[in-house]
Amino acid sequence: MLCGALFKGMITSGFASGFIIILSINFIVGSRRVDTGDISREDFVIAFFVICIAAWSYFILAPILSDAVLAVASISHLAEIFKQAPKINTKDNNGRKEGIQGSIEFKNVHFQYPSRKMPVL
């Protein structure tokens, strides 16, 4: 759990750093092109905000991508569990008991959700 949170934090901080770097490069290159007269100030502002919006969309992907990485790891763990052979052979009837009857009685069973103060059972 801690490893997953650490990995998620590293991805998020990496995307945040990338977002800041993209904005910095955008501003430096754009302002130089305005100084040389290659583009107008209006074109620079439009381009700056277009790149900001695109970079922000890129930044929003960070939590999604880190969750996707954790999901792939979970699926591979589940695949390992499903590949294991069960200890009980369900196709073999040797251990089956026929005609068992009885009743089950629960005494002093209590349950409550951790977030609630009222018991459920």
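A residue is called buried when its relative accessible area is under 20%, exposed when that area is over 50%, and partly exposed in between, with a 1.4 Å probe and protein chains only. The model examined here is predicted, so local features need pLDDT of at least 70 and side-chain atom pairs count only at pLDDT 80 or more, while totals for chains, interfaces and linings use all residues. Residues are numbered from 1 along each chain as its sequence is written, and side-chain values use heavy atoms, with hydrogens and water left out.

The overall picture comes first. The protein chain contains 2 helices and 0 strands, where helices (H or I, at least four residues) and strands (E, at least two) are DSSP runs numbered from the N terminus. Of its 121 residues, 12% count as buried. With a contact taken as heavy atoms within 4.5 Å, residues 24 or more positions apart account for 53% of the contacts in the protein chain that have a separation of 6 or more.

Aromatic side chains come next. Rings of Phe, Tyr and Trp (its six-membered ring) pair if their centres lie within 6.5 Å; planes under 30 degrees apart are stacked, those over 60 are edge-to-face and the rest are tilted. By this rule there are 5 aromatic pairs. In one of them, the rings of F48 and F49 have centres 5.7 Å apart and planes at 80°, so the pair is edge-to-face. F48 counts as buried because its relative accessibility is 19%. The rings of F111 and Y113 are also edge-to-face, because their planes stand at 80°, with the centres 5.1 Å apart. F111 is partly exposed at 39% relative accessible area, and for Y113 the value is likewise 39%, so Y113 is partly exposed. One aromatic cluster is formed by F27, F44, F48 and F49.

L121 belongs to the segment after α2 (41-83) and counts as exposed because its relative accessibility is 61%.

As for charged side chains, the structure holds 2 salt bridges, each defined by a side-chain nitrogen of Lys or Arg within 4 Å of a carboxyl oxygen of Asp or Glu. R33 is bridged to D38, with the closest N and O atoms 3.8 Å apart; R33 is partly exposed at 40% relative accessibility, whereas D38 is exposed at 52%. E105 and K107 form a salt bridge with an N to O distance of 3.8 Å. Here E105 is exposed at 62% relative accessible area, and K107 is exposed at 60%.

Most residues other than glycine have a negative phi. N108, although not a glycine, has a positive phi of about 55°. N108 lies in the segment after α2 and, at 72% relative accessibility, counts as exposed.
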